[in-house]
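Please keep the sequence and the structure open while reading.

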Amino acid sequence: MEMQQQQNTSAKNTPYNKQINLYDADYGCCGICLLILSGFIILLTFPVAICMCVKVVQEYERAVIFRLGRLSKGGAKGPGIFFVIPCTDEYRKVDLRTVSFDVPPQEILTKDSVTISVDAVVYYRVQDATMSIANVENADGATRLLAQTTLRNMLGTKSLSEVLTDREEISAGMQATLDIATDPWGIKVERVEIKDVRLPVQLQRAMAAEAEAARDARAKVIAAEGEMNASRKLKEAADVMSESPNSMQLRYLQTLTAISAEKNSTIIFPLPIDMVTSLMTKK
């Protein structure tokens, strides 16, 4: 029983239930008299007043009606035709289509003390027309300001490398944070995208120099590995050729064939090392 009473108490304290209580509010004697008088005037001027009483909203719109300053029963009206009392009713149209806006570039100091400029795009729509009118003065403006502060707070806890590589995770976190914050306003944040990350010119040059140095280091390592592998293969080939002396002569002939195929006027004929050694010994 105690749990049920607590749940009922918390349910009564929600913003939406506060609006439901407004629906059931009494207009008072003056309000009822004014409603009766307005209805009497409409009957007297029926052909003309009907044009002022009948309103139309589109499929993507809803109308929130205030009667004597209070929300009328039934919630938002539409789409289609609805009726208002000209003297006592006031209505506001709410667009339910998805709205997108650019978050202005924000100068943000990252976790590793690097200043960057980041902008984003936010997509949202009105989920509850009544809450978007009754709970917040300007739902669009409030959502825009909240998106700017959320972007700064979210990226302030990230390092530069995380901002550049984890954009999807940051976008998802911003969407969840904005969706929770705008839920009492009747706003549903559908998508958030990090548009661009701008770095200072000096930092760009330093990162470019670092990347170039890293590429040069990798190129030198790859070239050294290639030389090492080539030397191993040459050693293996020399060991194989040393087992058969005639293979050296065949290799000489193959080299001469390759040189003559290029139509060179000069042909270098290599002499065997043993022949040169024997000539030098005789001298």
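## Overview

Helix α5, for instance, covers residues 129–134 and contains Met131. The model is a predicted one.

The chain holds 11 helices and 8 strands. Of its 283 residues, 25% are buried. Among contacts with a separation of 6 or more, 66% are between residues 24 or more positions apart.

Strands of a sheet pair through backbone hydrogen bonds, and the pairing is either parallel or antiparallel.

Between β2 and β5 the antiparallel pairing runs over 7 bridges. Within this part of the chain, Glu61 stands opposite Asp95 of β5.

## The sheet β6-β7-β8

Another open sheet, also described by 3 strands, has the order β6-β7-β8 and antiparallel pairing. Its edge strands are β6 (99–109) and β8 (187–198), each of which pairs on one side only. On average, neighbouring strands of this sheet are turned by 25° against each other, direction ignored.

Strand β7, residues 115–126, pairs with β8 in the antiparallel sense over 10 bridges. Val118 has Val197 in β8 as its bridge partner. Helix α6 packs on this sheet and touches β6, β7 and β8; the direction of α6 makes about 35° with that of β6. Helix α8 packs on the sheet as well, touching β7 and β8, and its direction makes about 145° with that of β8.

## The helix pair α6 and α8

Two packed helices are described by the angle between their axes and the distance between the axes. How do the axes of α6 and α8 cross? The axes of α6 (residues 139–155) and α8 (residues 167–182) come within 10 Å and cross at roughly 135°. Angles over 145 degrees would count as roughly antiparallel and those from 65 to 115 as roughly perpendicular; the two helices are therefore oblique to each other. Their crossing is right-handed.

On the α6 side, the contact is made by Thr143, Leu146, Ala147, Thr150, Leu151, Met154 and Leu155. On the α8 side, Ile170, Gly173, Met174, Thr177, Leu178, Ala181 and Thr182 take part. By class, this contact has 9 nonpolar residues, 5 polar residues and no charged residues.

## Buried residues

Is Met131 buried or exposed? Met131 of helix α5 has a relative accessible area of 11%, which is under the 20% limit, so Met131 is buried. Met131 and Asp183 are 52 residues apart in sequence, while their C-alpha atoms are 9.2 Å apart in space.

Ser159 is placed in the loop between α6 and α7 (160–165). With a relative accessible area of 14%, Ser159 is buried too. Leaving aside residues up to four places away in sequence, Ser159 touches Thr110, Lys111 and Asp112.

## Backbone features in loops

Which peptide bond is cis, with omega near -5°? That is the bond from Gly78 to Pro79. Pro79 has its place in the loop between β3 (70–71) and β4 (80–83).

Leu68 has a phi near 55°, a positive value in a residue other than glycine. Leu68 is found in the loop between β2 (61–67) and β3. Its relative accessibility is 29%, so Leu68 counts as partly exposed.

Ser113 also has a positive phi, near 60°, and is a residue other than glycine. The loop that holds Ser113 is the one between β6 and β7. With a relative accessible area of 59%, Ser113 is exposed.

Notes:
Residues are numbered from 1 along each chain as its sequence is written. This is a predicted model: local features need pLDDT of at least 70, side-chain atom pairs count only at pLDDT 80 or more; totals for chains, interfaces and linings use all residues. Side-chain values use heavy atoms; hydrogens and water are left out. Axes are lines fitted to C-alpha atoms, for helices over the stretch in contact, and angles run from 0 to 180 degrees between N-to-C directions. Helices (H or I, at least four residues) and strands (E, at least two) are DSSP runs, numbered from the N terminus. Angles under 35 degrees count as roughly parallel, over 145 as roughly antiparallel, 65 to 115 as roughly perpendicular and the rest as oblique. A crossing is left-handed if the near helix is turned anticlockwise from the far one by less than a right angle, and right-handed if clockwise. Contact means heavy atoms within 4.5 Å. Ala, Val, Leu, Ile, Met, Phe, Trp, Tyr, Cys and Pro count as nonpolar, Asp, Glu, Lys and Arg as charged, and the others, Gly among them, as polar. Buried means under 20% relative accessible area, exposed over 50%, partly exposed in between (1.4 Å probe, protein chains only). Two strands pair if DSSP finds at least two bridges between them.
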